Amino acid sequence: EVQLLESGGGLVQPGGSLRLSCAASGFTYSSYAMSWVRQAPGRGLEWVSAVSGSGDDTYYADSVKGRFTISRDNSKNTLYLQMNSLRAEDTAVYSCAKSRAVADAFDVWGQGTMVTVSS
Amino acid sequence: DIQMTQSPSTLSASVGDRVTITCRASHSISRWLAWYQQKPGKAPKLLIYDASSLEGGVPSRFSGSGSGTEFTLTISSLQPDDFATYYCQQYNSYLTWTFGQGTKVEIK
């Protein structure tokens, strides 16, 4: 069964850091680009960041550029999102998603992990 | 950046109704558009990709059309399981993805 499972969310103070993980199973992980997508409470979906299958190429939304870093470990079938300088507006459920191809729709999603930025 | 605008934001309909949701892109995106269904507390589910290709396992009452800047998602006969929020998403802009703001389909 194809599956994505996020972890690492929690409560963090403004200006703090957090590292999210996404464990993948059931498909050839290194063959697919992966993304992080977030959804603030009661709001819509926002793409955050993506990484190519090899991990060599990374892409970011303007709202997180310079603060967040996406990476992957293909030996562990795991995706990461390092979040620094967190702001209240980063509060959201963060989900990982698998792309059908390099620049394509997302055909597999995780259930998400909640990140709350508050003092 | 490419902006995606969905209409309407909310739609009230009855079981059996034909429902159409529109998504407009601020610039041409060819046919690089997807539609997702999301239910409360659940992950989004891919319904349509490349504007009109039905994802495996998705009922045939769902269909997509359009190209360039205007796209539609049609549910031919609304079923109880279809009450949810629907999002369009472009993936034309090189390796960035943008979602529409969502359309909530409610029971009339």
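View 1. Strands are DSSP runs (E, at least two residues) numbered from the N terminus, and two of them pair if DSSP finds at least two bridges between them. This is a predicted model, in which local features need pLDDT of at least 70 and side-chain atom pairs count only at pLDDT 80 or more. Residues are numbered from 1 along each chain as its sequence is written, and chains are lettered from A in the order in which they are written.

**View 2. S3(A) and S8(A) run antiparallel and are joined by 6 bridges.** A:Leu20 has A:Leu81, in S8(A), as its bridge partner.

**View 3. The largest nonpolar core holds 26 residues.** Such a core is a set of buried (under 20% relative accessible area, 1.4 Å probe, protein chains only) Ala, Val, Leu, Ile, Met, Phe, Trp, Tyr and Cys residues joined through side-chain atoms within 4.5 Å. Among the residues that touch the most other members are A:Trp36, A:Phe68, A:Leu81 and A:Met83. Strands supplying at least two residues each include S3 (18-25), S8 (78-83) and S9 (92-99) of chain A, and S3(A) gives the most, with 4 residues.

**View 4. A:Met83 has contacts (heavy atoms within 4.5 Å) that include A:Leu18, A:Leu20, A:Phe68, A:Tyr94 and A:Val115, not counting residues up to four places away in sequence.**

Methods
Heavy atoms only, no water. Buried < 20%, exposed > 50% of the residue type's maximum accessible area, 1.4 Å probe, protein only.
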